[in-house]
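Visitor: I'd like a close look at one part of this protein, please. Pick a spot where side chains meet, and then show me how it sits in the rest of the chain.

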Amino acid sequence: MRCYIRIFASCICAVLLTAYSVPSEAWRMQESYETETGNQAKTMGKIDIQVNGHTMTATLADNSSAAALVELLKHGPLTYRAHDYGGFEKVGNIGHTLPRNDEYILIVPGDIILYQGTDICIYYDTNEWNFTRLGRIDNLSQSEIKRILGVGECTVTITLGGSSSVSQVDNGDMPGTAGAVYGLDGKALGKAPGRGVYIENGIKKSRL
C-alpha cells in the first residue's frame with residue numbers, strides 16, 4: 001500500500017513540476033523576445049528634427065512608414081510648416097504621401113506620428129487614436145520638447161541623423177527665430193558668412 005502511495009505522490013509531483021515549468025519557459029521566451037526587440041530598437045535609424053534653432057534627435061520605428069521617410073530624406077532635407085492642434089501636438093503637411101501602418105496606440109510626449117499618410121505630428125502631450133508611429137524623440141522631457149517647439153506656427157526641417165554637427169543652439173526663450181544664422185559650433189552669427197558652412201532657419205548651408 002505504501003508503495004502505491006509513493007508512486008502516486010511521485011506522479012502528482014511530476015505533473016505539477018511540468019505544469020509550472022511551461023509558463024516559466026514561456027516567460028523566458030517572452031523575456032528573450034523583449035530583449036531582442038529592445039536591442040533592435042537601439043539600432044534603428046536616427047533622424048534630426050530642427051525647430052526654432054534647436055535640433056532634436058529621434059529614433060525611428062521599425063515599419064515601412066519610417067523606411068519610406070528615410071528613402072525620402074536621402075534626396076535631401078524635408079522642410080514643412082507646422083502648427084499646434086488640440087493642445088497636444090505640432091502638426092504639418094509634408095507635401096508627400098508615406099505608407100500607413102495605422103493601429104490604435106497611446107501617444108506620449110516625444111512621439112512622432114504619421115497622420116493620414118501626409119502629415120507628421122510631433123507630440124508634446126498625450127493622446128490616443130489609430131495612427132502610424134514613425135519614431136520617438138530621444139532623451140528630452142515633456143517641458144523641454146514644449147519649449148523647443150514653442151507656441152504657434154513654426155518651420156520644421158527633418159534630416160537623416162548625423163547630417164549636422166549642431167545638437168542644440170542656445171536661443172534663450174526662442175522668440176522670433178526666423179532668419180537666425182548659426183555656425184557649426186552653435187554660436188549665433190549676425191548674418192550668413194561670405195564663405196563656409198552655417199545653419200540658417202535650421203537648414204545646413206554652405207558658400208564656397
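**A loop and its partners**

Guide: Happy to. The protein has an accessible surface of about 12400 Å², and carbon and sulfur atoms own 56% of that area (areas are from the Shrake-Rupley method with a 1.4 Å probe, and for residues only the protein chains shown count as cover). This is a predicted model, in which local features need pLDDT of at least 70 and side-chain atom pairs count only at pLDDT 80 or more, while totals for chains, interfaces and linings use all residues. Residues are numbered from 1 along each chain as its sequence is written, and side-chain values use heavy atoms, leaving out hydrogens and water.

The protein has three helices and 13 strands (DSSP runs numbered from the N terminus: helices are H or I of at least four residues, strands E of at least two). Of its 208 residues, 35% are buried (buried means under 20% relative accessible area, exposed over 50%, partly exposed in between, with a 1.4 Å probe and protein chains only). If you take contacts between residues at least 6 apart in sequence, 57% of them join residues at least 24 apart (contact means heavy atoms within 4.5 Å).

Now to the spot itself, D138. This residue is in the loop between β8 (127–137) and α3 (142–149). Apart from its neighbours within four places in sequence, D138 touches K46, T57, A58 and T59. With T59, the side chain of D138 makes a polar contact of 2.9 Å (N or O atoms within 3.5 Å; within protein, one able to donate a hydrogen and the other to accept it, and residues adjacent in sequence counting only if both atoms are side-chain atoms).

With K46, D138 forms a salt bridge whose closest N and O atoms are 2.8 Å apart (a side-chain nitrogen of Lys or Arg within 4 Å of a carboxyl oxygen of Asp or Glu). This pair ties together distant parts of the chain, with K46 in strand β1 and D138 in its loop 92 residues apart. K46 is partly exposed, at 36% relative accessible area.

The count of salt bridges comes to seven. One of the others joins R81 and E153 at 3.2 Å, N to O. That pair also links distant parts, R81 in strand β3 and E153 in the loop between α3 and β9, 72 residues apart. R81 is partly exposed at 46% relative accessibility, whereas E153 counts as exposed at 56%. R100 and D102 meet in a salt bridge of 2.6 Å; R100 is partly exposed at 43%, and D102 at 34%. Salt bridges with shared partners also join D111, R133 and R136 into one network.

In α2 (residues 64–73), S65, A66, L69, L72 and L73 are buried. They span an arc of only 115° around the axis, so they lie on the same side of α2 (the arc is that of the directions from the helix axis to the C-beta atoms). The buried residues of α2 pack against β1 (46–51), β2 (54–60), β3 (78–85), β6 (111–115), β8 and β9 (154–160).
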